[in-house]
Amino acid sequence: MSLELLKLNENLYLVTGQNAGRFPCAHSFLVQDRLCALIDSGCGFEILKEIRESFSVDLVINSHGHPDHSSGNWLFPDVPLYAPKEGTESHGRLLPLSHRFFGPGPLADHWRGWIRQVMGFVDHPATNFFSDGHIFDFGHLKLKAIHAPGHTSDHYCFFEPENRILLSFDIDFTSFGPWYGNLESNLSEFKRSIDIIRGLDPKLVASSHLHPIGEGIEQALQDYTSVIDKRRRKIIELVSHGISRSALVDAAPVYRRHLHGPELFRFFEGRMIDLHLEELLAQGIIDRQGEEYRLASSEPASSLEPLRRAVWGMDSSSCSGRYGNSY
Ligand SMILES: [Zn+2]
């Protein structure tokens with residue numbers, strides 16, 4: 001696949017990633033201004049080599065520490081690499097990254113091998129770090145860094161205020177929905193981050209894994225966030241019969257099928273289920289008896305909807321309306 005640039009404004013382009021930007025690849029972004037910048041480097045090595053030959057890249061910027069956004073940094077060894085300050089200790093280094101995302105142990109070892117094999121990841125530590133509110137000034141184009149954690153603790157979006165263009169990276173609007181499967185992922189922070197980007201009222205949203213969205217952004221945001229509620233409803237339904245964590249992971253209410261081999265799948269699935277269980281426990285909707293999770297209500301499963309109404313004050317079919325008062 002050769003270099004394909006999609007113009008977002010006079011100075012900002014989306015670089016279509018291999019595999020149409022689908023994981024384990026991702027779209028990158030290219031700034032052509034007084035300074036030339038590459039934002040994220042998971043679009044594929046052949047494309048990156050073409051960028052290296054066609055443009056004089058002055059700096060590379062990463063939106064967060066995940067390897068599908070940083071695997072090609074090493075192809076630009078002589079320019080500064082800017083990374084989020086939240087990832088200072090680990091950015092671009094696979095061993096500390098694996099411990100961040102999984103904790104030390106065999107799964108972290110397995111993940112490192114998989115990332116090297118699938119993404120060709122080579123360690124390349126960052127040289128500079130940015131934080132929330134940082135303005136990248138490229139000449140005409142300015143991008144404001146907006147800390148948007150939840151997916152990871154170091155996840156950022158970039159906002160171009162003049163034309164209200166949002167680079168939303170892994171708040172990615174895919175039909176899979178929000179991904180919060182690492183140890184540091186956080187469901188309430190993810191919801192808050194979605195609210196933050198909604199508050200920016202963007203006119204164009206370009207994520208890392210889909211074609212940019214210019215029309216119907218609010219609807220796309222609602223569709224994307226509604227997946228969280230669908231998972232929650234599915235988990236409540238499973239818990240209503242009494243179920244262990246292990247059986248919940250087997251039921252795969254998030255992934256529905258194995259994608260990355262059983263070990264990684266079970267970790268990601270389990271971690272995302274855990275965040276929902278923690279939320280439901282904190283809200284008093286479920287409780288835990290030994291190894292088993294059950295509904296806190298004595299109502300039988302068939303009476304789940306009245307329970308939901310009692311808790312949220314509305315029918316489950318209008319779940320998207322809950323955002324704003326339940327975060
Ligand atoms: Zn990511």
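**Helix 2 and its surroundings**

In this predicted model, helix 2 covers residues 94-102, and its buried residues are Leu97, Ser98, Arg100, Phe101 and Phe102. Viewed down the axis of helix 2, these buried residues fall within an arc of 165°, so they line one face of the helix. What they pack against is helix 3 (106-119) and helix 7 (262-282). Just after helix 2 comes Gly103, which has a positive phi of about 80°.

Turning to the strands, strand 11 (residues 165-169) pairs with strand 12 (residues 204-207) in the parallel sense, over four bridges. Within this pairing, Leu167 is opposite Ala206 of strand 12. Together with helix 4 (residues 187-199), strand 11 and strand 12 make a β-α-β unit, and this unit is right-handed.

An open sheet is formed by three strands in the order 13-15-14, with antiparallel pairing. Strand 13 (243-244) and strand 14 (286-289) are at its edges; each has a single partner strand, so one side of each lacks a neighbour in the sheet. Strand 14 pairs with strand 15 (residues 292-295) over four bridges in the antiparallel sense, and here Asp287 stands opposite Arg294 of strand 15. Helix 5 (residues 217-239) packs on this sheet and touches strand 13, strand 14 and strand 15. The direction of helix 5 makes about 100° with that of strand 15.

The loop residue is Phe138, found between strand 8 (135-137) and strand 9 (142-147). Phe138 has 18 C-beta neighbours inside 10 Å and therefore counts as partly exposed; a buried residue would need 20 or more. Apart from neighbours within four places in sequence, the contacts of Phe138 are Asn11, Val31, Asp33, Arg34, Leu35 and Ala37. Of these, Ala37 is 101 residues from Phe138 in sequence, while their C-alpha atoms are 8.1 Å apart in space.

As for confidence, the protein averages a pLDDT of 91, and 90% of the residues score at least 70. Two stretches call for caution. Over residues 299-303 pLDDT stays under 50, and the model has four contacts beyond four places in sequence for them. Over residues 310-327 pLDDT also stays under 50, with 20 contacts beyond four places in sequence. Where pLDDT is low, predicted coordinates should not be read in detail.

Notes: Residues are numbered from 1 along each chain as its sequence is written. This is a predicted model: local features need pLDDT of at least 70, side-chain atom pairs count only at pLDDT 80 or more; totals for chains, interfaces and linings use all residues. pLDDT is the predictor's confidence in each residue, from 0 to 100. Two residues are in contact if their C-beta atoms, placed from the backbone, lie within 7 Å. Two strands pair if DSSP finds at least two bridges between them. Helices (H or I, at least four residues) and strands (E, at least two) are DSSP runs, numbered from the N terminus. A crossover is right-handed if, with the strands pointing away from the viewer, the path from the first strand over the helix to the second runs clockwise. Axes are lines fitted to C-alpha atoms, for helices over the stretch in contact, and angles run from 0 to 180 degrees between N-to-C directions. A residue is buried if 20 or more other C-beta atoms lie within 10 Å of its own, exposed if 12 or fewer, and partly exposed in between; C-beta atoms are placed from the backbone. The arc is that of the directions from the helix axis to the C-beta atoms.
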